[in-house]
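This briefing is for a reader meeting the structure for the first time.

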Amino acid sequence: MQNAPLNTAEMRLFDSDGHRLYLNGDERSVFLAAARNQNARDRTICETLHFTGCRESELIEITPARIDLAGGTLTLRTLKKRKRAGETATSIYRQVPVPPDYLDTMNTAHGIREAQKVKKTANVPIFDLSRQRVWQIVKRVMVEAGITDGPHRTVKGLRHSYGVNAIVNEVPLNMLQKWMGHADISTTAIYANAIGREERDIAGKMWS
């Protein structure tokens, strides 16, 4: 049986005109710095996308119950698309490790620990926003950060940059596949095609 076709939108790091679709290392740094100057909600939205590489649809579903403050992980729901006609879409969950400082910020900003103690509040989404509103917030912060206009200055660009950054830092493809919620490791492998400083960083590890 043939494999299901890959999602080419996930696979591309450059558009049809050769423009980069991901934030480079410097842009990631200035975005994070700008995010930390925002109000608590907008800061944690930006930091969650930055540290997990999640999609907007996954972000707005995060509840206090899915945050493991002691274990240092955040659980995300991936909607697994149906492969054949008649099959229903199913949900799969994945745990993504996140920095302790980020978790401290989330707990302070949203009262995670207290919310987890009550079932009713533990399962209420933290970010009561639409995908479009998340996109608008991230776009504004990117503009404030001085990131030049282009197809990389998007939430998807931030997700792609997460994948590229993981490859630069030698995260194994199978682990990155799990963290990003890819059904096929061939999709994850596209992040090994980074160029510019990211590619030089990868090559530098070979020469050292």
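The points below describe a predicted model, grouped by topic.

The largest nonpolar core has 49 residues. Its largest share, seven residues, comes from α9. Helix α9 is itself mostly covered.

**Helix α9**
- Helix α9 spans residues 155-168, which makes 14 residues.
- From its first C-alpha to its last, α9 reaches 20 Å, close to the 20 Å expected at 1.5 Å a residue.
- Twelve of the 14 residues of α9 are buried; among them are V155, L158, R159, H160, Y162 and I167.

**Helices α3 and α8**
- Helix α3 covers residues 40-52 and helix α8 covers residues 131-144.
- Their axes come within 10 Å and cross at roughly 90°; α3 and α8 are therefore roughly perpendicular to each other.
- On the α3 side, the contact is made by R41, D42, I45, C46 and L49.
- On the α8 side, R133, V134, I137, V138, R140 and V141 make the contact.
- By class, this contact of α3 with α8 has seven nonpolar, four charged and no polar residues.

**The largest nonpolar core**
- The residues with the most contacts inside this core are F31, I45, L49, L59 and I67.
- Elements that give two or more residues to the core include α2 (25-35), β2 (73-80), α5 (100-110) and α10 (173-180); α3, α8 and α9 are also on that list.
- Leaving aside neighbours within four places in sequence, I67 is in contact with I62, T73, L74, L103, M106, I112, Q116 and I126.

Terms used. Residues numbered from 1 in each chain as written. Predicted model: local features only at pLDDT ≥ 70, side-chain atom pairs only at ≥ 80, totals over all residues. Heavy atoms only, no water. Helix = DSSP H or I, 4+ residues; strand = E, 2+ residues; numbered from the N terminus. Expected span 1.5 Å × (residues − 1). Buried < 20%, exposed > 50% of the residue type's maximum accessible area, 1.4 Å probe, protein only. Axes fitted to C-alpha atoms, helices over the stretch in contact; angles between N-to-C directions. Parallel < 35°, antiparallel > 145°, perpendicular 65-115°, else oblique. Contact = heavy atoms within 4.5 Å. Nonpolar A, V, L, I, M, F, W, Y, C, P; charged D, E, K, R; others polar. Core = buried A, V, L, I, M, F, W, Y, C linked by side-chain atoms within 4.5 Å.
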